[in-house]
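I opened my notebook for a quick tour of this one. Here is what I looked up, entry by entry.

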Amino acid sequence: MGESTVKKIKWGIMGTGWIAEKFAEDLAHVGNGEGLAAGSRTKESAAKFAEKFGLPRAYGSYEELVNDPDVDAIYVATPHPYHRDNVLTALNAGKAVLCEKPFTVNSAELEQLISSAKQQNLFLMEAMWTRFLPPIVQVRKWLEEGRIGEVKLVKAEFGFRSDWNPQGRLLNPQLGGGALLDTGIYPVSFASMIFGTEPEKVWSSADIGETGVDEKFSILLDYGKGRTATLNGAVRLDLTNDAYIHGTEGTIHIPSFLNATEAVLRVTGQEEEKFTDGRLSTGYSFEAEEVGRCLLEGLTESPAITLDESLGILKLLDAIRAQWGLKYPFE
């Protein structure tokens with residue numbers, strides 16, 4: 001089959017913010033997919049976005065977008081308190097969905113989405129783009145091969161110092177603000193990739209700021225058998241954003257792990273090995289490729305980040321927030 005005869009997944013992008021722009025830009029690097037339509041709450045915003053990224057269609061409502069019969073998959077790029085309703089809108093129109101992380105604000109909401117997707121036999125996946133980056137894929141191979149022996153300790157953190165904007169997405173409780181859901185999803189998901197979603201013990205501490213959300217947090221997870229993860233996140237503090245995996249035979253270091261372009265393997269007594277990714281895209285192309293691969297193969301979820309795992313991660317985030325007494329006004 002020639003390139004031209006291979007079916008390409010036609011994407012509809014829901015939301016026109018920064019992350020939607022990154023995804024739309026990266027669709028140019030996706031072999032099995034292409035952008036078809038943008039949907040926003042206003043026709044003007046959708047049209048502007050569609051023109052910028054060369055999408056042939058623009059819709060002034062999410063309903064119109066999901067009801068376009070030519071759209072195969074919807075990428076949900078709206079703020080996380082709206083994910084549940086937006087994903088349900090897409091699923092109810094019979095569309096496959098890739099939903100920006102965190103999937104939903106809590107596990108109860110995600111259970112609804114999983115139930116809806118399963119009832120309708122539709123594809124659903126959390127857009128944890130980090131999982132699909134070539135350096136992280138390589139790290140998983142090194143781990144599967146047992147290159148660093150038995151993994152005992154994972155350290156990962158993601159934090160940045162945002163401006164003081166109490167109304168903005170990051171600090172506003174009405175918008176599900178705080179570090180845990182925004183930056184914390186990365187280190188928690190990273191630990192889950194290695195140790196799973198069910199630690200035996202969870203300790204955590206949060207710095208709750210004046211808007212009532214966590215501006216910084218630290219988590220210690222104990223998975224038994226001497227396996228632990230130490231994770232940090234922040235939205236008002238710059239962190240290194242690196243990840244380390246320490247095993248009995250060596251260490252893997254991933255600089256800026258959430259958008260990793262390299263990974264370094266150091267096996268005790270051997271020369272270090274470095275994997276470098278010369279990708280041309282930002283890196284959102286890989287998760288879009290994975291959705292395309294799954295759809296073309298008739299899968300309803302990705303083995304790299306299953307719905308069970310995404311649900312386990314959200315249950316863990318729920319348990320951590322419960323330790324801090326942090327509930328959102330809309331919960």
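I began with charges: the protein chain carries 33 positive and 47 negative side chains, and the centres of the two sets are 1 Å apart. I counted Lys and Arg as positive and Asp and Glu as negative, leaving out His and the chain ends. Each charge was placed at NZ of Lys, CZ of Arg, CG of Asp or CD of Glu.

A note on the ground rules: this is a predicted model, where local features need pLDDT of at least 70 and side-chain atom pairs count only at pLDDT 80 or more, while totals for chains, interfaces and linings use all residues. Residues are numbered from 1 along each chain as its sequence is written, and side-chain values use heavy atoms, with hydrogens and water left out.

**Overall form**

I looked up the secondary structure and found 9 helices and 14 strands in the protein chain; these are DSSP runs numbered from the N terminus, with helices being H or I of at least four residues and strands E of at least two. The C-alpha trace spans about 55 × 55 × 40 Å along its principal axes. The radius of gyration is 20 Å, which agrees with the value near 20 Å for a compact globule of 331 residues. That radius is taken over C-alpha atoms, and the globule rule is 2.2 Å times the number of residues to the power 0.38.

I then checked burial: 55% of the 331 residues count as buried. Buried means under 20% relative accessible area, exposed over 50%, and partly exposed in between, with a 1.4 Å probe and protein chains only. The accessible surface comes to about 14,100 Å², with 48% of it belonging to carbon and sulfur atoms; I used Shrake-Rupley areas with a 1.4 Å probe. For contacts (heavy atoms within 4.5 Å), I took pairs at least 6 apart in sequence, and 67% of these join residues at least 24 apart.

**Helix α1**

Which residues of α1 are buried? In this helix, residues 18-26, I found Ile19, Ala20, Phe23, Ala24 and Asp26 buried. Seen down the axis, the buried residues fall within an arc of 165 degrees, so they line one face of the helix. The arc is that of the directions from the helix axis to the C-beta atoms. Their cover includes β1 (9-14), α2 (43-52), β4 (73-76), β5 (96-100) and α8 (285-296).

Most residues other than glycine have a negative phi, and most peptide bonds are trans. I noted a cis peptide bond between lysine 101 and proline 102, with omega about -15 degrees; proline 102 is in the loop between β5 and α5 (107-119).

Lysine 225 has a positive phi of about 55 degrees. I found lysine 225 in the loop between β9 (214-222) and β10 (228-234), exposed at 69% relative accessibility. Serine 256 has a positive phi of about 40 degrees, and sits in the loop between β12 (250-254) and β13 (262-267). Serine 256 is partly exposed, at 29%.

Glutamate 290 lies in α8. Is glutamate 290 buried or exposed? I found glutamate 290 buried, at 11% relative accessibility. Leaving aside neighbours within four places in sequence, glutamate 290 is in contact with Met125, Phe132, Ser302 and Pro303.

My last stop was serine 189 in α7 (residues 179-195), buried at 2% relative accessibility. With neighbours within four places set aside again, serine 189 is in contact with Met128, Arg131, Ile305, Glu309 and Ile313.
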